[in-house]
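Okay, thanks everyone, let's get going.

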Amino acid sequence: RLHLVTWNVGTASPPPDVTSLLQLDSLGPSMDMYVIGLQEVNSRITNFLSDLAFDDPWSIFFMTVLSPLGYIKLSSVRMQGLLLLIFVKHVHLPFIRDIHTHYTRTGLYGYWGNKGGVTIRMSLYGHTICFMNCHLPAHMENTEQRLDDFEKILEMQFEGENVPSTLDHDVLFWFGDLNFRIADYGIHFVRESINNKRYSLLWEKDQLNMAKKKEAFLQEFIEGPLQFKPTYKFDLYSDVYDTSEKKRKPAWTDRILWRVKHLCQHAAKEGQFSEEEQTISVTLNNYISHMSYGISDHKPVTGTFGLELKPLLSEPLVTLNPEGEWSAEHDVLINYSAVPEFPSSAWDWIGLFKVTFRHANDYVTYAWVEDDEISSNKDSKQVYMSAAEIPDIGGEFVLCYYSNNLQSIVGISQPFQIQPNRTLIGGDLRQEENSWTRKPDSLESREEF
């Protein structure tokens, strides 16, 4: 289950609550993955420079919301006001590989990143998935420019890298503030049609719908029915369309589309495709806007999808678990084993993480798999962690194996308890938990290397 968000936040700070936006109050099964694409994140130079050194406020906000629920930030990419975040449940981490990010500027003839696209691609259970968050040129008359920019973004993502092109992925999601408008009809007719919920009259003149009928490269993209009000342009903190002097005509600027490669191949080779060959399918369960959010002049749009995958990967590259009872009263051991084809490296490490960890660098401590190895045979290896590095206060933790070659977590243990250190008096245990988070100089020097 995948929940995808697109929202032009108009340089605003995060709202107090995103429960409905992320469908956290849903009675159905929880999501496996959240994909959050934002446009117009505050990109003043001071903000942007500080965000390069630290996570931006929106990333921190979503991590704070989702990490207690068992999601970690898998990857992110930012280009000025464009931000793309992906969160996944812990259980899927060992089956997500080959993560790459990219961005393409299209503002000021490609020199400025106020418009363009940011992309994250990966292998998910052996299938290639690509997510592309775009902010295309504004204004009614710029339809051709929008189409030209999108073609350029498609062509330039991962150009020269050893990964498939965007259109060669098994599934490609395309979303963002695409800025397509409603042509021909005047503002009064558009608003009257919206008030009477006669959206179908407006679909025919939606510039993206019209372009999909003419442009071959768009015809393979699928979109759910636009059964919600146009999401632009609203007065702030209201559900009233623009009352300023400009009085912008309402439009469905904020969109989510997707493309499944085998469906395109099926269309091209009618009759040469059997049901048995279908290894991945995408089902749209919900495509809605969220009118209650008023921090910008756009309303956020979400799409909830079911991805049905025939796993091409079924075993993690590394299996690991803690040995015996853990506490800070003695050194502890980690057992792990890797599949024969695993490309291990001297730079690989095993991290100790709280169960609510936010991202791969959010460890409490770690051990180098080679430097800290104490035994090895053909079936498994053992690594130790010093008692001095184990949190005295104890709690619930997981172990993760990080592969330097694959730049991702390739194995995760079941959650386990670390017992409080009984040799310390209670007062010594009340120190800040963060005081246990450690990043020795050795890891920093290796990262620079």
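Let me start with contacts, meaning heavy atoms within 4.5 Å. Take the contacts in the chain with a separation of 6 or more: residues 24 or more positions apart account for 69% of them.

Quick housekeeping. This is a predicted model, so local features need pLDDT of at least 70 and side-chain atom pairs count only at pLDDT 80 or more, while totals for chains, interfaces and linings use all residues. Residues are numbered from 1 along each chain as its sequence is written, and side-chain values use heavy atoms, with hydrogens and water left out.

Now the overall picture. The secondary structure comes to 8 helices and 22 strands; those are DSSP runs numbered from the N terminus, H or I of at least four residues for helices and E of at least two for strands. Of the 449 residues in the chain, 51% are buried. Buried here is under 20% relative accessible area, exposed is over 50%, and partly exposed is in between, with a 1.4 Å probe and protein chains only. The chain exposes about 20800 Å², and carbon and sulfur atoms supply 49% of that. Those areas come from the Shrake-Rupley method with a 1.4 Å probe, and for residues only the protein chains shown count as cover.

On to the rings. How many aromatic pairs does the structure hold? There are 28. The rule is that rings of Phe, Tyr and Trp (its six-membered ring) pair if their centres lie within 6.5 Å; planes under 30 degrees apart are stacked, over 60 edge-to-face, and the rest tilted.

One of the 28 pairs is Trp326 with Phe416, which is edge-to-face at 5.1 Å centre to centre and 75 degrees between the planes. Trp326 sits in strand β14 (residues 326-327) and Phe416 in strand β22 (residues 416-419), so this pair ties together parts 90 residues apart in sequence. Buried or exposed, Trp326? Buried, at a relative accessible area of 0%. Phe416 is buried as well, at 11%.

Then have a look at Trp349 and Tyr402. Their ring centres are 5.2 Å apart and the planes are at 20 degrees, so that one is stacked. Again the pair links distant parts of the chain, with Trp349 in strand β16 (residues 349-354) and Tyr402 in strand β20 (residues 395-403), 53 residues apart. Both Trp349 and Tyr402 are buried. They also belong to one aromatic cluster, together with Phe353, Phe357, Tyr363, Tyr366 and Trp368.

While we're on rings, Lys299 lies over the face of Phe234, 5.0 Å from the ring centre. The test there is NZ of Lys or CZ of Arg within 6 Å of the ring centre and within 35 degrees of the ring normal.

Next stop, helix α6, residues 207-214. Its buried residues are Gln207, Leu208, Asn209, Ala211 and Lys212. What do they pack against? The partners are α3 (143-156), β8 (171-177), α5 (199-203), β9 (222-223) and β10 (254-260). At the start of α6, a side-chain oxygen of Asp206 reaches to within 3.2 Å of the backbone nitrogen of Leu208.

First up for us, Lys205 with Asp184, where the closest N and O atoms are 3.1 Å apart. Lys205 is in the loop between α5 and α6, and Asp184 in the loop between β8 and α4 (187-195), 21 residues apart. Lys205 is partly exposed at 24%, whereas Asp184 is exposed at 62%.

Glu220 forms a salt bridge with Arg259, at 2.7 Å between the closest N and O atoms. Glu220 lies in the loop between α6 and β9 and Arg259 in strand β10, so the pair ties together parts 39 residues apart in sequence. Glu220 is partly exposed at 33%, but Arg259 is buried at 7%.

And Glu223 pairs with Arg255, with the closest N and O atoms 2.7 Å apart. With Glu223 in strand β9 and Arg255 in strand β10, the bridge ties together parts 32 residues apart, so β9 and β10 are linked here. Both Glu223 and Arg255 are buried. And here's Asp206 again: Asp206, Glu223 and Arg255 are linked in a network of salt bridges.

That's my tour, so over to you for questions.

Technical notes
Polar contact = N/O pair within 3.5 Å; in protein donor to acceptor, adjacent residues only side chain to side chain. Salt bridge = Lys/Arg side-chain N within 4 Å of Asp/Glu carboxyl O.
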